[in-house]
Structures are given as C-alpha cells and as structure tokens.
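Look over the sequence and the structure first.

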Amino acid sequence: MIEQVAIAFEHKDYQTAAKLLKQLRKESPDNPWVQFYLGRLHEVSGKHQDAEKIYRQLLQDTTNTKIVTLARQGLQRLQEMELEERQRAISQATSQPNNTELGVLVLEPLSNEMKTEASRKFAQIMQLDPYTARLILPSRGWRLYRTGQVGELKFYGKQLQQAGIPCFWATIAQIQQIQVYQVKYFQEFTPQVTVVCRNQANQLGSLTFDWSEVTARVVGLLPIFEQVVDVDAYRKLERKTQTQDYSQFCDLHLPGRCCILRFNDNGYEFQQGLEIIPQANQNTIRINWNSLSSWINQQLPQVKIWSDFTSFADTTLDQTEMLGHIKSHIHLFRREETNWDSAFHLYSGLVFVKDAN
C-alpha cells in the first residue's frame with residue numbers, strides 16, 4: 001500500500017494519498033514511511049509546522065538512510081518556502097512610501113525565566129540559532145537590534161510581539177520632529193514653572209508649563225574625551241584619546257507640546273534665576289547638579305526616570321550611518337564628533353515616541 005501512496009503523490013492525487021494514509025496509520029502508525037508520507041501530505045496541504053515536526057522526528061528516530069535524506073530535503077523545501085513567503089511579505093510591507101523611511105527596531109528586556117521560551121521563538125522568527133538568540137535578547141534595558149526600512153522592521157516587530165517578545169519600532173523622522181530646548185535656568189516656580197532656554201536656532205527665550213505636563217525624565221552621562229600623551233610598551237610617546245570626565249544630562253518630556261527640555265550640568269546657570277541652590281557660587285558643579293536633580297525629583301515624584309542610557313548606547317554606538325541622520329542637540333565642546341551625543345538623543349527620542357504611542 002506504501003507503493004500506492006507513492007504513486008498517488010507522483011500524480012499529485014493527494015485525495016487518494018490521504019485516504020490510503022488514513023488506513024495505514026491505523027495498521028502501522030510507527031512505520032517511518034507512513035510518517036514520512038504523512039509529513040508530505042501536511043507539506044502540500046500548507047500545514048508546514050506539522051510537516052516540520054514530523055520530518056525532525058524522523059531525523060531523530062529512523063536509521064533508514066533513504067528516509068533521512070527525504071526528511072532533510074523536506075525540511076529544506078519548507079525553509080525555502082518560508083523564506084519566499086517572508087520576502088513577499090516584506091516587499092508588501094515596504095511597498096508604501098511611508099514604510100521606506102529609515103527606522104530602528106528596539107528589543108525590550110525579558111526576565112531570565114521567560115528567556116528560554118522567548119529565545120526559541122526569537123530564533124525561529126529571525127532565522128537564528130537558539131544560543132545566539134538568547135545572547136541577543138536583553139535582560140535589562142533596551143537593545144537596539146536592527147535598523148532599516150520601517151516597513152520591514154514593523155513586519156518583524158509584529159511577529160515578535162505576537163510571540164510574546166516585547167519590542168517596538170520608530171522612524172528617525174519621528175525623533176527629528178521633536179523640538180529641543182536647552183534650559184539655562186528656572187525663572188519662576190509659581191503659579192506655573194517658567195524656564196529660560198535656547199531654541200534650536202540658538203535664540204534665547206522662555207517657556208512656561210505645568211509640572212503635570214511632564215510625562216518622562218531621561219538621565220544619562222556623556223563622556224568627555226581628551227587627547228593625552230602616554231608611553232607605549234616600547235617606551236615611545238604616543239597620543240591617545242581617553243575619557244577624562246562625564247557630563248550630566250537630564251531631559252524632561254512635554255509630549256503635549258512635542259518638545260524636550262534639556263538640562264546639562266555644564267550649560268545650566270546655577271547662579272541665575274530662581275534660587276534653588278543656596279550659595280551655588282561656592283559649590284562645585286557636581287554638588288549644584290545633584291541639588292538641582294533632587295529638587296526636580298521633589299516636583300515630579302510620580303514621573304518615571306529612564307536611566308539605562310549607557311547599556312542602550314553599548315548596542316548603538318557602532319550604528320554610525322544611522323546615527324549620522326540624527327541631530328544630537330548636544331552642545332558640548334568636542335575636538336572630534338562622537339556617536340555618544342546622537343545615541344543619547346536617540347535614546348531620549350525613543351522614550352518620547354514610545355510614550356506618545
């Protein structure tokens with residue numbers, strides 16, 4: 001009867017093959033040929049997951065070299081079909097003009113308990129081995145996973161979300177639309193808050209808002225690099241670029257106004273405006289900044305603080321081409337440009353966009 005099944009498949013008479021297999025499964029359910037043709041029937045019926053399961057089981061259980069070869073060929077066909085379907089779906093996802101914009105796909109952290117199952121699904125969706133997939137999935141903080149056309153990122157992102165893997169995507173254009181104001185000092189505190197700040201054209205002005213408008217606070221350290229002279233292993237002098245210090249940044253998000261108020265320890269004028277810090281002129285910048293941060297904390301006790309910038313930057317700094325599209329709105333004195341500045345604005349901008357959705 002197996003020969004009759006084989007002939008039915010050769011003639012693509014799947015209805016006859018199905019009837020014969022139904023009888024054979026009752027008589028010889030463990031026969032590897034019966035199992036193989038059942039896998040083929042699933043394959044031609046579009047039940048690819050069922051077919052893959054049978055083929056993989058045959059590779060584990062049978063020693064028949066002919067069946068092993070056929071099962072491998074079956075898996076190869078399934079992979080090729082999945083790849084073709086994926087390419088069609090991606091082409092469709094990027095066919096609209098707004099889906100061709102440059103974007104980023106960000107993975108959100110998972111608990112270690114969830115990682116085992118999530119890494120298996122992640123590997124399947126992204127065509128990776130499970131070990132690599134587990135290394136990629138973050139345990140704390142965000143991970144910038146992929147850049148490219150947002151339509152393709154959205155396609156993958158939706159599959160990941162459906163598999164229970166937290167992620168989100170955004171376009172660089174969304175981040176560029178956010179206005180950034182460089183805060184010089186607080187001018188008034190009641191009845192509303194007023195800050196003196198510079199806009200993106202470097203014009204000095206003021207902005208008045210309510211604390212209730214602030215939905216998020218993003219803090220981070222940006223390294224300050226200096227050229228230093230060192231002695232190498234051969235006792236020769238060499239110039240190196242080293243991190244000499246860090247500059248503190250704090251962004252307050254006002255999504256209702258589509259803007260970010262950006263504070264910086266080197267740019268904030270502690271001795272001007274509202275007296276938040278007594279005897280500010282006698283303190284170090286670090287003491288003044290810590291006092292200012294504490295005061296802002298008191299005004300925004302319920303607002304979430306995003307402080308995982310450094311771990312996010314570790315996954316982002318090598319994306320030079322993408323970061324080149326981002327104007328950082330960071331005004332530190334630098335001898336050379338650095339990706340750290342654009343990475344911070346990207347991180348803050350992603351928080352802004354994600355909260356707004």
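Which residues are buried in α10? The model is a predicted one. In α10, the buried residues are Asn288, Trp289, Leu292, Ser293, Trp295, Ile296 and Gln299. They sit on the same side of α10, because they cover an arc of only 160 degrees around the axis. An α-helix has 3.6 residues a turn, so residues three or four places apart point the same way. The length of α10 (residues 285-299) also checks out: at 1.5 Å a residue, its 15 residues should span 21 Å, and the end C-alpha atoms are 21 Å apart, which agrees.

Next come two single residues.

| Residue | Element | Relative accessibility |
|---|---|---|
| Glutamate 43 | helix α3 (residues 32-44) | 7% |
| Tyrosine 185 | strand β4 (residues 179-188) | 16% |

Glutamate 43 counts as buried because its relative accessibility is 7%, where the cut-off is under 20%. Its side chain makes a polar contact with the side chain of tyrosine 55, at 2.7 Å. Leaving aside residues up to four places away in sequence, glutamate 43 touches His48, Ala51, Tyr55, Gly74, Arg77, Leu78 and Met81.

Tyrosine 185 also counts as buried, at 16% relative accessibility. Beyond residues up to four places away in sequence, tyrosine 185 touches Thr194, Val195, Val196, Tyr268, Glu269, Gln272 and Gly273. The C-alpha atoms of tyrosine 185 and asparagine 264 are separated by 10 Å, with the two residues 79 residues apart along the chain.

Key. Residues numbered from 1 in each chain as written. Predicted model: local features only at pLDDT ≥ 70, side-chain atom pairs only at ≥ 80, totals over all residues. Heavy atoms only, no water. Helix = DSSP H or I, 4+ residues; strand = E, 2+ residues; numbered from the N terminus. Buried < 20%, exposed > 50% of the residue type's maximum accessible area, 1.4 Å probe, protein only. Contact = heavy atoms within 4.5 Å. Polar contact = N/O pair within 3.5 Å; in protein donor to acceptor, adjacent residues only side chain to side chain. Expected span 1.5 Å × (residues − 1). Arc of directions from axis to C-beta.
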